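Student: I'd like to learn how to read a model like this one. Can we go through it feature by feature?

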Amino acid sequence: MIPSRTFEITKECEYPSDYVVIDFETNGLNPKECDIIQMAAIRYRNDVKVSTFVSFVNATTIPSKVTELTSITIEDCQSAPTLDDLLPQLLKFIGNDIIVAHNASFDLSFLMESMNRLNIPGQTFIYVDTLRLSRQKMKEVKWHKLPILKKYLKLNYDSHLAEDDCYVCHEVYKYCRGLTTNQEEFPTFTDDKSEILELNNATLINEPKLDLLIEKAKHCEDEGNQDDAIDLYEKCITYRCKNEEPYDRLILLYRKKRQKEDEIRVLELAVELFKSNDKYQLRLQKIQV
């Protein structure tokens, strides 16, 4: 079987405005011995996001140090699709696009090793490494790890989660090419302020409006704007919404942000409201140990 090959773009005149940003979270550093546990790919056209591919990956072991770093737990991955299912979808999503990644050799080594495991024919991946690029263009920064660059650019994302790291990588890529990093692709819902104001001031709220809040929260979350999503989900549970989704999303988001007190608060409310579903009680018992 022909192995995969990589080719790095280093000439500034060749940096693309159409590309796919990728990032993997893994349960170790050695691609021959370890596994991808979360994958994300975001397609950009003219530097504007047009589509995403994000998923946890089925895994049997996640070291505690990895969970501490990423907030990804074995529960997140046990019910996730397998690599056999996801990798062909990911490769189809990437297609012939140029890949943008931070410390690209790490992600590409896991990608190519995963292809070898599944006997997927090799291909050539053309990529831009924002680690190398940031070292060239951001000399005022001493260290160029993604969490440090995120703080330097004052970006509001989590670290060590695949989708969030993709967004940060994208902003670094734009910055290094002299483009603004104002997160234009993350819209706020300014077109219906009166409706949001009505929701904020209401003492009672009907199901259609709750559904609207949930949809807008999910949209914010899909666009990487987690804080706005949390605010909207919190509005839902303030009205003791009978839909489990806002509680589930808040629990996961607060877990990612390591906001344990908020996670417990939401779990306790969910335990009270959804007595027939013991998943909240089980999670609450686990987190309080």
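Student: Which residue of E6 stands opposite Ile99?

Tutor: Tyr127 is the residue across from Ile99. Strands here are DSSP runs of E with at least two residues, helices are runs of H or I with at least four, and both are numbered from the N terminus. Two strands count as paired when DSSP finds at least two bridges between them. Strand E5 (residues 99–101) and E6 meet that with 3 bridges, running in the parallel sense.

A word on the source: this is a predicted model, where local features need pLDDT of at least 70 and side-chain atom pairs count only at pLDDT 80 or more, while totals for chains, interfaces and linings use all residues. Residues are numbered from 1 along each chain as its sequence is written, and side-chain values use heavy atoms, with hydrogens and water left out.

Student: Which other strand pairs with strand E6 (residues 124–129), and in which sense?

Tutor: Strand E1 (residues 5–8) does, in the parallel sense, over 4 bridges. To find the spot, look for Arg5, which faces Thr124 in E6.

Student: How many residues lie between E3 and E4?

Tutor: There are 2 between them, making a hairpin, and Asn46 in the turn has a positive phi of about 55°.

Student: Is strand E3 (residues 36–45) mostly covered or mostly open?

Tutor: Mostly covered: 9 of its 10 residues are buried. Buried means under 20% relative accessible area, with over 50% called exposed and partly exposed in between, using a 1.4 Å probe and protein chains only.

Student: Which residues of H12 are buried?

Tutor: An α-helix has 3.6 residues a turn, so residues three or four places apart point the same way. In H12 the buried ones are Glu263, Ile264, Val266, Leu267, Leu269, Ala270 and Leu273. They pack against helix H10 (226–238), H11 and helix H13 (279–288).

Student: Which residues does Arg255 contact?

Tutor: A contact means heavy atoms within 4.5 Å. Setting aside neighbours within four places in sequence, Arg255 contacts Ser71, Thr73, Asp76, Glu263 and Arg283. Arg255 belongs to helix H11 (residues 245–256).

Student: Why does Arg255 count as buried?

Tutor: Because its relative accessibility is 15%.

Student: And why does Gln226 count as buried?

Tutor: Gln226, found in helix H10, counts as buried because its relative accessibility is 8%. Not counting residues up to four places away in sequence, Gln226 touches Asp158, Asp164, Leu253 and Lys257. Compare sequence and space as well: Gln226 and Tyr254 are 28 residues apart along the chain, and 10.0 Å separates their C-alpha atoms.
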